[in-house]
Amino acid sequence: MIVAIDGPAASGKGTLAKRVAQHYGLPHLDTGLLYRAVGAARLGAGGDLDDVAAAVAVARTLDLAAFDEEALKAGPVGEGASRVAAIPEVRSALLKLQQDFARQPGGAVLDGRDIGTVIAPDAEVKIFVTATPEARAERRLRELLERGESVTLIEVLADIRRRDERDAGRGAAPLKRAPDAALLDNTHLDKEMSWLEALAIVERRRAEIGL
Ligand code: C5P
């Protein structure tokens, strides 16, 4: 079973994807980490985020096993990730890795922006997770403060709005709900309720297709 979970920044899709993967014993790929790794490498090299050839070279040689998830999750890396993610050649360079992960025997859970639309349009289960920008900003602020970063709600909300706009407005694989994806709006749901809703969606779909 392939489970595709898409949604905007800080919608909680990563947490849900991890839990779905754990529940069904499936491998999980947070595809945002791929774009974050490319963005971080370019920022680390003091580099220009619009340098297509350099970003593609990084994307082609990513080593998933060497990812420092903690460092990649840092606030400023998200903006860099969203910049390199708008480059079609970077997306193409990361396509096979993601499709191979999705198509491994037994299936997988992937979360991102274009899993249900581009990476695995044939996924058995598709969920589009969202919440208002304000609700997402509050959650992301809590996370960043817990990590010891010094930011304000206004800054986090501005970052989320900017990334939403860039992710949804780009020509290459824009953030959008696949027509056959179930919508999970968790603006008014806590983590547990959101998980129960996701589980109900997966179970309903499994029953529908006889899995
Ligand atoms: O999900 P996360 O916030 O970690 O993703 C970081 C950035 O990577 C996003 O803002 C988005 O621009 C990009 N991304 C993408 N396609 C994906 C996953 C992430 O464009 N499948």
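Reader: Let's start with E79, then; which side chain does E79 meet in a salt bridge?

Author: In this predicted model, the side chain of E79 meets that of R166 in a salt bridge, with 2.9 Å from N to O. The pair links distant parts of the chain, since E79 sits in helix α5 (residues 75-85) and R166 in helix α9 (residues 153-169), 87 residues apart.

Reader: How many salt bridges does a search of the whole structure find?

Author: The search finds 20 salt bridges in the whole structure. One of them joins R91 and D114, whose side chains meet at 3.0 Å, N to O. R91 lies in helix α6 (residues 88-102), whereas D114 lies in the loop between β3 (108-112) and α7 (115-119), so this pair ties together parts that are 23 residues apart in sequence.

Reader: Are R91 and D114 buried or exposed?

Author: Both R91 and D114 are buried.

Reader: What about D167, which residue does it form a salt bridge with?

Author: D167 forms a salt bridge with R113, and the closest N and O atoms of the two are 3.2 Å apart. Because D167 lies in helix α9 and R113 in the loop between β3 and α7, the pair ties together parts that are 54 residues apart in sequence. D167 counts as buried at 4% relative accessibility, and R113 counts as buried at 13%. Elsewhere, salt bridges that share partners join E79, D159, R162, R163 and R166 into one network.

Reader: Changing topic to the ligand, which residues around it come nearest?

Author: There are 15 residues around the ligand, and of these R36, R91, R163, D167 and R170 come nearest. R36 has a polar side-chain atom 2.6 Å from an oxygen atom of the ligand. For R113, a polar side-chain atom lies 2.9 Å from a ligand oxygen atom, and an N or O atom in the side chain of R163 is 2.9 Å from an oxygen atom of the ligand.

Reader: How much of the ligand's accessible area does the protein cover?

Author: On its own the ligand has 450 Å² of accessible area, and the protein covers 98% of that. The space that the ligand takes is the largest pocket.

Reader: Which elements give two or more residues to the shell around the ligand?

Author: Those elements are α2 (32-44), α5 and α9.

Reader: One more thing, about the backbone: what is the phi of A10?

Author: A10 has a positive phi of about 60°, although it is not a glycine. Most residues other than glycine have a negative phi. A10 lies in the loop between β1 (2-6) and α1 (13-24), and at 9% relative accessibility A10 counts as buried. A173 also has a positive phi without being glycine, near 45°; A173 lies in the loop between α9 and β5 and counts as buried at 16% relative accessibility.

Reader: And where is the place of A181?

Author: A181 is in the loop between α9 and β5 (182-185), and A181 is buried, with a relative accessible area of 7%. Its C-alpha atom is separated by 8.7 Å from that of I5, although A181 and I5 are 176 residues apart along the chain.

Terms used:
Residues numbered from 1 in each chain as written. Predicted model: local features only at pLDDT ≥ 70, side-chain atom pairs only at ≥ 80, totals over all residues. Heavy atoms only, no water. Salt bridge = Lys/Arg side-chain N within 4 Å of Asp/Glu carboxyl O. Helix = DSSP H or I, 4+ residues; strand = E, 2+ residues; numbered from the N terminus. Buried < 20%, exposed > 50% of the residue type's maximum accessible area, 1.4 Å probe, protein only. Near = heavy atom within 4 Å. Polar contact = N/O pair within 3.5 Å; in protein donor to acceptor, adjacent residues only side chain to side chain. Areas by Shrake-Rupley, 256 points an atom, 1.4 Å probe, with all protein chains shown as cover. 1 Å grid on protein atoms, 1.4 Å probe; cavity = no way out; pocket = protein on both sides within 12 Å on 5 of 7 lines; lining within 4 Å. Sits in = over half its atoms within 2 Å of the grid points.
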